[in-house]
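Subject: Structure handover

Hello,

Here is the structure for you to look over. My notes on it follow below.

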Amino acid sequence: MEQSAVSPEPPGPRPVLGRDSVQVPDDQDFRSFRSECEAEAGWNLTYSKAGVSVWVQAVEMDRTLHKIKCRMECRDVPAETLYDVLHDIEYRKKWDSNVIETFDIARLTVNADVGYYSWRCPKPLKNRDVITLRSWLPMGTDYIIMNYSVKHPKYPPRKDLVRAVSIQTGYLIQSTGPKSCVITYLAQVDPKGSLPKWVVNKSSQFLAPKAMKKMYKACVKYPEWKQKHQPHFKPWLHPEQSSLPSLALSELSVQHADSLENIDESAVAESREDRTGSAGGEGSDDDTSLT
């Protein structure tokens, strides 16, 4: 089924923070997201090395709530491969060492669904999870995937995890040639907790670049992996392949941060193991599981 094209006129800003009803993003939402990914004003460059750059922006209305933007050049990865990797939930379980559990819940339209994702946070912080409405749009040789948090009646917050809130998170993939592309990751997430400054610094200086590099390695190995794992199964490209149950928007509501328990972790100190990088797991670059 053909997706609607995104028209080139510049968008007006959307009040993402003030979202009060669940809606599948429209063309203006995608244009607005793309515009923010490409914007330079108001962003502070905090990291730039080996083709990866990270910017941080503090939100005026809440100086503790930051936006982060990370961009990476992929010289030998086609845009469509990167798009597949970001969609392929079975492959993500292989390459994303931070994932605890992830699964799709239901489909909303041919290019929107609802899903669950939980992940490990730097020790000794509590691990987080999130329920999001995700939507995607191919635009010629470029692609956008973006999400925001919603409430699903069957998946309330869990006692063993902190329910975070994605105000808006997503990826802009821009083709730069038949075998190269640039990816921009833009995230505005309320992690629900007054996080210590070292966490914010570590995210922009270490965790975000490391995650991007790991994603790049995963993209290089994906074509070979996919050949052995349902090579023709790509419901994000072929909606008729999806076996997800349909869900009405009326069954969802927007997940606002102020309705969740606030966990104060501002006084939590970074563990000695994490600081020195001697701990396993997140500090490891081992990717043997991708074969």
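Helices (H or I, at least four residues) and strands (E, at least two) are taken as DSSP runs and numbered from the N terminus. On that basis the chain has five helices and 11 strands.

Two remarks on the source. This is a predicted model, in which local features need pLDDT of at least 70 and side-chain atom pairs count only at pLDDT 80 or more, while totals for chains, interfaces and linings use all residues. Residues are numbered from 1 along each chain as its sequence is written, and side-chain values use heavy atoms, with hydrogens and water left out.

Overall picture

I call a residue buried under 20% relative accessible area, exposed over 50%, and partly exposed in between (1.4 Å probe, protein chains only). Of the 291 residues in the chain, 47% are buried. The accessible surface comes to about 15,000 Å², by the Shrake-Rupley method with a 1.4 Å probe, where for residues only the protein chains shown count as cover. Carbon and sulfur atoms hold 51% of that surface. A contact means heavy atoms within 4.5 Å. Among contacts between residues at least 6 apart in sequence, 65% join residues at least 24 apart.

The cores

A nonpolar core here is a set of buried Ala, Val, Leu, Ile, Met, Phe, Trp, Tyr and Cys residues joined through side-chain atoms within 4.5 Å. The largest one has 32 residues. Leu82, Leu86, Ile173, Ile183 and Met215 touch the most other members. Several elements each supply at least two residues: β2 (52-59), β3 (62-74), α2, α3 (89-95), β7 (142-151), β9 (165-177), β10 (180-190) and α4 (197-228). α4 gives the most, with seven residues. A second, separate core has 15 residues, including Val22, Leu108, Leu247 and Leu252. As background, nonpolar side chains in soluble globular proteins tend to be buried together.

Helix α2

Eight of the nine residues of α2 are buried, so this helix is largely enclosed by the rest of the structure. The buried ones are Ala79, Thr81, Leu82, Tyr83, Asp84, Val85, Leu86 and His87. Glu80 also sits in α2 (residues 79-87). Glu80 is partly exposed, because its relative accessible area is 41%. The C-alpha atoms of Glu80 and Cys181 are 9.1 Å apart in space, with the two residues 101 apart in sequence.

Strands β9 and β10

β9 is mostly covered, with 10 of its 13 residues buried. For pairing, DSSP must find at least two bridges between two strands. β9 and β10 run antiparallel and are joined by 11 bridges. A hairpin of two residues connects β9 to β10. β7 also pairs with β9 in the antiparallel sense, over five bridges. There, Asn147 has Thr169 in β9 as its bridge partner.

Which residue in β10 stands opposite Ile173? Ile183 does.

Aromatic rings

Rings of Phe, Tyr and Trp (its six-membered ring) pair if their centres lie within 6.5 Å; planes under 30 degrees apart count as stacked, over 60 as edge-to-face and the rest as tilted. The structure holds eight aromatic pairs. One of them is Tyr171 with Tyr185, a tilted pair at 5.2 Å centre to centre and 40° between the planes. Tyr171 lies in β9 and Tyr185 in β10, 14 residues apart. Tyr171 is buried, as its relative accessible area is 13%. Tyr185 has 23% and is therefore partly exposed. Elsewhere, ring pairs link Tyr91, Tyr222 and Trp225 into a cluster.

Lys69 lies over the face of Trp55, 5.9 Å from the ring centre. The rule there is NZ of Lys or CZ of Arg within 6 Å of the ring centre and within 35 degrees of the ring normal.

Backbone points to check

Ala50 is not a glycine, yet has a positive phi of about 50°. Ala50 is in the loop between β1 (44-49) and β2. Ala50 counts as exposed because its relative accessibility is 70%. Gln230, also not a glycine, has a positive phi of about 45°. Gln230 is in the loop between α4 and β11 (253-254). With a relative accessible area of 55%, Gln230 is exposed.

Best wishes
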